Amino acid sequence: MSGDRPTLPPVRLNSDAELARDALASPLFARAVLLARWAGPGTRVAAGGELVEAQLPGAAEALGLAADEDGAAYASEAWRLAVDIGLLDVEDPEEEDGEGTVTAGDNLALVTSGSPQEILALWLDGLEAVYGDAIAPLFDDFADLVGEDGEIDFEKLEWDPEIESEFLDGVLGNLYLLTVAGDGPEGEPVPLPALAASVIVPEDMGEPTDDVLEQVSEAMMRLDDQFRVLEPIGLVAYQPVDEALMVEEGEEPAEPLDDEDVSRYGMVRLTPLGLYGIRARMLDAGVEAPAVGDLADKGADVLLDALAYFPESSARAETLGWLEGREPAAAVRELLAAARGGDEGAPLRRLYCQQALSLVAADEAEPEVRGVLDDAELGGLARVWLVERGAADVPAPPESMIFWLAIDTIAAQLDADGELEELQGLVEGLVGQHAGFFEAAWRVDHPATADVLEAMGRLHSDKRAAKDARKAAFKARSRN
């Protein structure tokens, strides 16, 4: 295979227009826009740009919320975001106990007149602000942190922003990987204990120790707080930890616990907008995070090499996108040319070439496919493609091509890391179809012949056939 294996599988993202609509509809972003439009010349702000306390009930009512403590908290949160992402411009008061002024920010107009990309850029700025809130330290009484000199004693917090950020990045990275490994833009909800364990429990650890389990439990509670902060910006869909489970040591739970109901311990998944957001943060950090569609303007050789690392549905979507911008006959010629070769990655390229050709209209691809019937490397592939489409006048392949195709097919499947049972069935089926298979196979002039025969010896369930395969592999190596 040419090139290095990508760090992550490719992600299937919704269109920018769909993502921008999701961004505008995310609860916190939408509330920030409402407050930015509500604010006027008479709106009073304190030092640091916060709304003065007397304004909070009115701000809550502008959001359609009750003018109580919860409503004020939502309003304050939305106001901070509006200021952070430039929906509002705040001028701090000249005096410490005075009041500042507020005007509409330049970015407020983008909400209605901006392109999807501009709206998403605004949302990403909001995500960074909310992310900072999520990793911020938790404390019960701020006064306890203030020293005699009036300065905050950060050591009392036992909080390191780099460590907190690294932990949350690791959790979101694992959630991203679980999502992109699936077949759609949304993943299955992940239990919070499993997600916490994925960044706490070492991979080589068998039974977790009590100390590690305690770390997982603490991480779960921290993540519960963080996901509650991240959900309103639209990053995740989160079902919080059941509060009935949160009892102090020595207390009895309010109701019997059902150990089978893992959902009570929290469930989380990335939204399509969340996938976009985490990928954007990864790209900013220099992580290779490919997306379906990245290869649309690349050559067929790059496409066929890359598809080896794509989930099935993503491979199909990437190939369809690649074909869409090309004239069919020219695309088929390019695919067939890229499939040639005797290098290690060539069998897989031929496998994905055959799959790509299945997505081209038969009448447009057939003339080009018939043009390689006499090609030693592509003739077998061409015949399979034509027969599968019911084409007439397909010439019978010479025996040498039959065995070459068999070796090439198994080599591709071995490289593709397919299901063991399917691979075993392929091996036993080929051997069963051809009497004296191994006597002919070791003579095949294919770079992978010896390796394939050795693998067949490991895979075949019949001891005699497995022994014949190993003998044939030895002959093939001696021949070379």
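Author: Helix axes are lines fitted to C-alpha atoms over the stretch in contact, and angles run from 0 to 180 degrees between N-to-C directions. The structure above is a predicted model, in which local features need pLDDT of at least 70, side-chain atom pairs count only at pLDDT 80 or more, and totals for chains, interfaces and linings use all residues. Residues are numbered from 1 along each chain as its sequence is written, and side-chain values use heavy atoms, with hydrogens and water left out.

Reader: What makes α14 and helix α17 roughly perpendicular or roughly parallel?

Author: The axes of α14 and α17 (residues 399-415) are 8 Å apart and meet at an angle of about 95°. Angles under 35 degrees count as roughly parallel, over 145 as roughly antiparallel, 65 to 115 as roughly perpendicular and the rest as oblique. The pair α14 and α17 is therefore roughly perpendicular. Helices here are DSSP runs of H or I with at least four residues, and strands are runs of E with at least two, numbered from the N terminus.

Reader: Which residues of α14 meet α17?

Author: Contact means heavy atoms within 4.5 Å. Pro347, Leu348, Arg350 and Leu351 of α14 meet Trp404, Asp408, Ala411, Ala412, Gln413 and Asp415 of α17. This contact has six nonpolar, one polar and three charged residues. Ala, Val, Leu, Ile, Met, Phe, Trp, Tyr, Cys and Pro count as nonpolar, Asp, Glu, Lys and Arg as charged, and the others, Gly among them, as polar.

Reader: How do you know what span helix α12 should have?

Author: The expected span is 1.5 Å times one less than the number of residues. For the 13 residues of α12 (residues 312-324) this gives 18 Å, and the end C-alpha atoms are 18 Å apart, so the two values agree. The buried residues of α12, among them Trp322 and Leu323, pack against α11 (300-306), α13 (328-339) and α14 (346-357).

Reader: Why are α6 and α10 called roughly perpendicular?

Author: α6 and α10 (residues 272-284) pack at an angle of about 80°, with their axes 11 Å apart. That angle makes α6 and α10 roughly perpendicular to each other. The contact of α6 with α10 has eight nonpolar, one polar and two charged residues.

Reader: What makes β3 and β4 edge strands?

Author: Two strands pair if DSSP finds at least two bridges between them. Strands β3 (residues 190-191) and β5 (residues 267-270) have two bridges, in the antiparallel sense, and four bridges join β4 (residues 236-239) to β5. The three strands form an open sheet in the order β3-β5-β4. Both β3 and β4 pair on one side only, and they are the edge strands. In β5, Val268 is the bridge partner of Val190 and of Tyr238.

Definitions and conventions:
Buried means under 20% relative accessible area, exposed over 50%, partly exposed in between (1.4 Å probe, protein chains only).
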